[in-house]
Each structure stands twice: as C-alpha cells, then as structure tokens.
Amino acid sequence: MWDYTEIVQDHFLNPRNVGVIEDADGVGDVGSLSCGDALKFYFKLGDDGRIADAKFMTFGCASAIASSSALTLMVMGKTLEEAEKITNEDIADFLGGLPKEKMHCSVMGREALEASIANYRGVELPKSEGEVVCECFGVTDVDIKRAIAESNLKTLDEVTNFTKAGGGCGKCEERIQEIIDETRSSAKIIPLKVPRMTNMQKIKKIEDLFEREIRPNLKRDSGDIELVDVDGNDVYVSLRGACGSCAKSQITLKDYVEKKLREEVLDSLVVKEA
Amino acid sequence: MSDPKTIYMDNNATTRVAPEVLEVMMPYFSELYGNPSSMHRFGDQVGKAIEVARGQVADLLGAKPSEIVFTSCGTESDSTAILSALQACPDKRHIVTSRVEHPAVKNLCESLDRLTGHKHTITSLHVESDGTIDLDKFEKSLTEETAIISMMWANNETGVIFPIKKMAAIAKARGILFHTDAVQAVGKVPIDLQDVPVDFLSLSGHKLHGPKGVGVLYVRKGTPYMPFLIGGHQEGGRRGGTENVTGIIGLGKACELAGHMLQTENTVVRSLRDKLENGLLEKVTHTILNGHKEYRLPNTTNVSFEYIEGEAILLHLDQFGICASSGSACTSGSLEPSHVLRAMGVPFTAAHGSIRFSLSVYNTEEEVDFILEKLPPIIANLRAMSPFWEDRDKIAGGGSCSSCGFGK
C-alpha cells in the first residue's frame, strides 16, 4: 500500500473544487484514458486579474486527485504570472510529499496549469514541438529535459517516476539515458564525485555534523535535536527543548537540518521525525 | 473514522489460516521441535507427522504421497519444475506458456537465458477476449524442440480456468513435459491427477487457508527431475534444506479441510460470488465482467468500472474495511495496467478501473450486501469527477493517447 501523507488522504477523500467552470478563462487538458491518468483544469480570472475560481475534473489514482485538488487551492488569488511559477515540487510539498513513484501526478498538475494559462493566452506550448521519446505515454524530450532540470533528476528510474517516460515497453530507455547525460552535462551539473560511502562512514559523518554544527546552532535558540537512527538515506531525528513545541520546527528540519546534511554528507539524505 | 470491521474479499492474494490448521501447527512451534531427519524418536515423531501431511496433500490431488515435494512457496515450485525440465532435456530450448501467467512463471521464462547461459525460445500464447485459450493454437505451438509447457490451471486475476486435462493429454501424446501452476485452483475446483496427466503441479499453502511460506511441487512418478535447492537428503533428495515443519503440517491439514469444503466452495461461495457480481452489474451502469462467465473459479469475480481508476476505488473501499484488489497500473507501482487484462484486450476505458473480489468460505451474505450498498455510491462519486464520464459517448475505448504501445 502506498504511504500517502494525511494531507494527500484528506484531499483524496474530500477533494476541493471538483467540477467544471462553464465560462472559464483558461482550460488545460492533459493526460489520457490509456495513460491511466488525466486532468482537466479550469480557471476564471476576477476583475483584479487574479484567479477568482479554479476547478478540476480528474481521472486517476488518489495522488492524482489530491494533486489536482491541491493545485486549485494553490492558484486561488494569484495572478497568472504568480501562478505559472508553481512547480510540480511545490504541489508535492503542499501535500506533504508524494511517494516517489507518484511524482508524475504532481507533474500532471503543473502541466495542466501551464496548458490552461497557454490556452488563456492563445499560445502553443513548446511541448508540441518536441521529439516524442516515450511512445507509450507520449512524453517528449522537452518534458524530460525540463523534469531533469527542475527536479534535479539523475537516473532513468527518477525520470520514469516524474514523467512516466520509459514506464511502458521500455524501448526508449536508452534514449532517455542519453537525454539525462546531455542535459546534466550541458547544465554543468557535475555529478558529485563523492566516493561511495559505506554505512559506517555515512553514519559517522552525520553524527559529526550533528555534534559539530547542527546541535550547537539549535541550542543557541534553546532548542536541541537528537539523532535517533539512520536507515538507508532516511535520517530519523527527534526535536528537543524549544524545538519540540516550535511551530516552525518543520521548516527547521527541512530548510536547515536536511539542507545541511545534503551539502555536507550526501545529497540524497531525507530527514524524518522519529 | 474508527477502524471498521474487516470484510475480506481478497482471497486470491492470500487467505486466513483456518483455526483448525493453526491448532495442529502449534505444538510443532514449541514442545515438538525435533529435526525430522534425526536418529532418535523425538525427532522421528516429527518426521512421521510430515508423512501424514504428505498423505493429506496427496489425497486432495489424487496423487501418491511419494509424488509430493514440499517447498517454500508456489514460486519455488514453479522455478523447480521449469528449471528441472530444462535440465532433463538439455537439447531442447523451446517453452510454451501463456500471456496471462503469474509473474512466478512469466518472469522466470523471461530470465532463462541469463540464468542458464543458453538462448531459449518462449512462445507465450494469446488468450481470447474472455481469457480462455484456443486448444488448436496451443497444439500448433508445440514443436520437436519444446522442452516444457507451463500453463496455469486458473488465473489469479480473472479466475478463468484453462482446459488443463486436454492440454496435458496433447502434451503427453507428443512426449512433452507439462507443468501447471495450480496455486489458485487447488481447493477451489476438484483436481484428480489420476485423470489429468500433468507431470508437475505447483500449489501454495496460504491460498487455501494454510500458512504462508510453504508450497508443494507435485512430480509425477517417473518424471525426470533435478532438485532446485541442492543440499541435504530431505524430501528424498528432491529439495535440500530442513523442512518447514509447522508449515508442512499446517498445509496438510489445510488440504484435508479443502477436500471437505470443495462442495461448499462450489455451491455456497459460488452463489455469494454470483450475488455480488450480478448485483454490481445491475446497480452500476458501464460495468464489464472480465473473464469467461462459466469457465471460472467459483470464488472470483473481476469487474471493470469504466472511466475511473482502480486505486481510487480500492482506497474508498478501504475506508469501509472492504479488502479487494485491482489490475490498475497505479496499484502496482508499475505504470501499466495488469498484463492479464491487456492480454485479453480489455479496452483502456475499463482496464484501469478493474476490481477483483475473491471470496472464501468465511464470507457471508451480509458482507456481500454491505459491498452492494457501499460500492455504487463510490463509483458514482469518482465518475462525477472523471473528465471522461461526461464525454463517454465520444470515447471509443482507447482514449487519445494515439501512439500508445499498449494492447499490441
């Protein structure tokens, strides 16, 4: 069973803004029946040029429905310029995260939003010009390159999780790998040349960082943090002192602790509360 | 919502261990811990209990006790049979199977070249749109090079039954080894191996109210055989490794009970299944039955609710404690819907919205009524938010992903 967050479950069981806007200013229609999920997104602008109403119709799994529901709340009250800055990562974050295999649902949300804004402006999206790489799911090189750059994707599996490309017959896997290599080298994203760490080395480094930097820093604000366990790339921690009751503790965990761990130890580490 | 009572209709995934089965297993976890191979009476009494279980399994299948080899699961039995046949016929590298086999057979066949270092030709026979197989096509697929045929007795997703007796007879006449994965069939339909000339048959304990972690490979007397797990002399040298004593004893009891319950399975369970299936087809429009209505296990129904997606249906059912499964892509972690439904050519409007209910003798009519009450509003609710539901008259099965490679 998928490990959906409570926010995902809430938006799936009680989706917000389901429906159609008959006189919508913009409509974005992405996905298809055969591909297993589809989203039709509608918005209506108010007199102030901000999105006054947004609705969706979705065919798909729980995370597709939750992503759509989240998207309608996220765009409400925004200008189109503001709305178009929303990324799939933002949608996933809003939901408290999505299982990695389900990230394509958040991508579908971002694509529908983009398509609806393009529809409003009467322009064509660059996607239609791209080379279709994955025939099973109709994914172009433009889609793949964008996902690689936006979400810092490194492997074929990650590209499949985010875009579905390569998830069908698998014939396009080689081409996807080429695109990953091209995009990453041209973007000058040099793969971290960290020699592979053993578990012991990894845990040691994490412990050192906690003692040397993270704990002293939190202690300055009367807080503290305990390193509970390390399981694969998951770092389990427990907040202590003032941090334990601080409303901003989640931000501390992600924006400070996780960021620091990724910079100093391994960029795939994830901080979780034990 | 407080945790609702569980309504378990996912018995093709696994079954509850029958209380009678658990009872006979318990002493072998504690005081009767001897090793069945030991040269003392303390261990030997365990060895004797294993032989009782072997007899119970043989009785259910119409086999001789000496033809029963205990394994760890259905998958091990499948691997053992197929790899054994390939070693027994080293000059033959052709295998005939079907497109709807369980991954235990399907993925093994796809891995054979890598495993054995030899190139194999695999013929995966198509099935008809109702999941049945064409005997003519089957017979024509056999060649002088065919080492083994592996065909499931009954399909786990649809319950569709293959004509194993006829296929095995054709194979026998041609001198080709025949294996059947009967994991879903044993205990649900009568099986008499005196009458059905298969060489190998796989079954699994946890599918018939026995424990997990134990299976059986039936090997007909005289069939060339090579062990898969090589080690000690256990199972007459046919499967090394100390026996899973509690599992084996539980499986023996489960087989005995299954023999007694066959009648109930084919009357009471069948009529509950029919009530559920007919109720759903009646109450919910645009619902399709997947699989042949007659040539089918009595406990299984697989229906597709068009224009919606299976995972969403399952998670709503889960809110009511109802356990079922789906062939939708999203439930598996893969991006494609079930290979079984695709092989049957189920249209995309339906493949993603398939739900399987698989019943057991523990289900009741109240449970069926409860599902018939709860499921239709779930379907209506999900359809109300599906962009394809309102456009359903304009969609002809496939959707707009024109370049899709599915169903080819």
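Which residue in strand 13 of chain B does B:Asn302 stand opposite? In this predicted model, B:Asn302 stands opposite B:Arg356. Local features need pLDDT of at least 70, side-chain atom pairs count only at pLDDT 80 or more, and totals for chains, interfaces and linings use all residues. Residues are numbered from 1 along each chain as its sequence is written, chains are lettered from A and ligands numbered from 1 in the order in which they are written, and side-chain values use heavy atoms, with hydrogens and water left out.

**View 1. Strand 13 of chain B and its partners.** Strand 13 covers residues 354-358. Strands (E, at least two residues) and helices (H or I, at least four) are DSSP runs, numbered from the N terminus. Strand 10 (residues 300-305) of chain B pairs with strand 13 of chain B in the antiparallel sense, over five bridges. Pairing requires that DSSP finds at least two bridges between two strands. Strand 12 (residues 325-326) of chain B also runs antiparallel to strand 13 of chain B, and two bridges join them. Here B:Ser325 has B:Arg356 as its bridge partner.

**View 2. The two faces of strand 13 of chain B.** Five of the five residues in this strand are buried. Buried means under 20% relative accessible area, exposed means over 50%, and partly exposed lies in between (1.4 Å probe, protein chains only). One side carries B:Ser354, B:Arg356 and B:Ser358. B:Ile355 and B:Phe357 lie on the other. Both faces are covered.

**View 3. The seven-stranded sheet of chain B.** The sheet is open, its pairing is mixed, and the strand order is 2-8-7-6-5-3-4. Strand 2 (68-71) and strand 4 (121-125) of chain B are at the edges with a single partner strand each, so one side of each lacks a neighbour in the sheet. Neighbouring strands are turned by 20 degrees against each other on average, direction ignored. Axes are lines fitted to C-alpha atoms (for helices, over the stretch in contact), and angles run from 0 to 180 degrees between N-to-C directions.

**View 4. Strand 2 of chain B, with helix 2.** Four bridges link strand 2 to strand 8 (residues 215-219) of chain B, and the two run antiparallel. B:Ile68 stands opposite B:Tyr218 in strand 8. Helix 2 (residues 41-61) of chain B lies across strand 2, strand 7 (200-204) and strand 8 of chain B. The helix runs at about 115 degrees to strand 2 of chain B.

**View 5. The three-stranded sheet of chain A.** Three strands form an open antiparallel sheet in the order 1-2-3. Strand 1 (26-32) and strand 3 (51-59) of chain A are the edge strands, each pairing on one side only. Eight bridges join strand 2 (residues 37-45) of chain A to strand 3 of chain A. One pair is A:Leu39 with A:Thr58 in strand 3. Helix 2 (residues 62-75) of chain A packs on the sheet and touches strand 2 and strand 3 of chain A. Its direction makes about 175 degrees with that of strand 3 of chain A.

**View 6. Where chain B meets chain A.** In contact (heavy atoms within 4.5 Å) are 34 residues of chain B and 37 residues of chain A. The two chains bury about 2,700 Å² between them, 70% of it on carbon and sulfur atoms. Buried area is the accessible area (1.4 Å probe) lost when two parts are put together, summed over both. B:Leu335, B:Met385 and B:Phe388 supply 25% of the area that chain B buries against chain A, more than any other three residues.

**View 7. A salt bridge between the chains.** The count between chain B and chain A is one salt bridge. A salt bridge puts a side-chain nitrogen of Lys or Arg within 4 Å of a carboxyl oxygen of Asp or Glu. A:Lys102 forms one with B:Glu311, with the closest N and O atoms 2.7 Å apart.
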